[in-house]
Amino acid sequence: MKPKDYTEFEATLLASHPPSDWPEGLKALWFDAKGDWEASHDIAQEMHNSLGSWIHAYLHRKEGDRFNAGYWYRQANRPFSKLSLEEELREIVEFVIE
């Protein structure tokens, strides 16, 4: 079952794995929040939709690759984020939870 809000999402970070019944996007965000960029990227890369592109954009922005991030923001039909990385992570998590 998906968390009801960001605070509940953060509480799951104490676990060693995300809940298996979560959607792929939420799992990708969970791995990123745990500091596992590679696992997060592997999931986002296989998500062929606008959410996957948005997560992919965020991850490349976090990596410092503005060019690649820009491409993925365009694929997601979203402007290049001006939020802090922490704020954008929260924004995407809340979007997925809704």
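1. Helix α2 and its cover. In this predicted model, the buried residues of helix α2 are covered by elements that include α1 (6–11), α3, α4 and α6 (85–97). The helix spans residues 24–33, and eight of its 10 residues are buried, so α2 is largely enclosed by the rest of the structure. The buried positions are Gly25, Leu26, Lys27, Ala28, Leu29, Trp30, Phe31 and Asp32. Just after α2, Gly35 adopts a positive phi of about 90°.

2. Overall architecture. The protein contains six helices and zero strands, and its order along the sequence reads α-α-α-α-α-α. Its radius of gyration is 12 Å, close to the 13 Å that the globule rule gives for 98 residues, so the protein is as compact as a globular protein of that length. Taken along the principal axes, the C-alpha atoms fill a box of roughly 35 × 25 × 20 Å. Among contacts with a separation of 6 or more, 36% join residues 24 or more positions apart.

3. Burial, surface and charge. Of the 98 residues, 45% count as buried. The accessible surface comes to about 5,700 Å², and carbon and sulfur atoms account for 53% of this area. There are 11 positive and 18 negative side chains, and the centres of these two sets lie 4 Å apart.

4. Arg61 in helix α4. Arg61 lies in α4, which covers residues 50–63. Is this arginine buried or exposed? Its relative accessible area is 16%, under the 20% limit, and Arg61 is therefore classed as buried. The side chain of Arg61 makes a polar contact with the side chain of Tyr73 at 3.3 Å. Leaving aside neighbours within four places in sequence, Arg61 is in contact with Ala69, Tyr73, Phe80, Ser81, Leu83, Ser84, Leu85 and Glu88.

5. Ser81 in the loop between α5 and α6. One of the contacts of Arg61 is Ser81, which is found in the loop between α5 (66–75) and α6. Ser81 has a relative accessibility of 12% and counts as buried. A polar atom of its side chain lies 3.2 Å from the backbone nitrogen of Leu83. Not counting residues up to four places away in sequence, Ser81 touches Arg61, Tyr73 and Glu88.

6. Asp5 ahead of helix α1. Asp5 is located in the segment before α1 and, at 31% relative accessibility, counts as partly exposed. Which backbone nitrogens does the side chain of Asp5 reach? One is that of Thr7, at 3.2 Å, and another is that of Glu8, at 2.8 Å. Asp5 and Glu94 are 89 residues apart in sequence, yet their C-alpha atoms are 6.7 Å apart in space.

7. Gln45 in helix α3. Gln45 is part of α3, which runs over residues 37–45. With a relative accessibility of 37%, Gln45 counts as partly exposed. The C-alpha atoms of Gln45 and Leu26 are separated by 14 Å, the two residues being 19 apart along the chain.

Conventions
Residues are numbered from 1 along each chain as its sequence is written. This is a predicted model: local features need pLDDT of at least 70, side-chain atom pairs count only at pLDDT 80 or more; totals for chains, interfaces and linings use all residues. Side-chain values use heavy atoms; hydrogens and water are left out. Helices (H or I, at least four residues) and strands (E, at least two) are DSSP runs, numbered from the N terminus. Buried means under 20% relative accessible area, exposed over 50%, partly exposed in between (1.4 Å probe, protein chains only). A polar contact is a pair of N or O atoms within 3.5 Å; within protein, one must be able to donate a hydrogen and the other to accept it, and residues adjacent in sequence count only if both atoms are side-chain atoms. Contact means heavy atoms within 4.5 Å. The radius of gyration is taken over C-alpha atoms; the globule rule is 2.2 Å times the number of residues to the power 0.38. Accessible areas come from the Shrake-Rupley method with a 1.4 Å probe; for residues, only the protein chains shown count as cover. Lys and Arg count as positive and Asp and Glu as negative; His and the chain ends are not counted. The place of a charge is taken as NZ of Lys, CZ of Arg, CG of Asp or CD of Glu.
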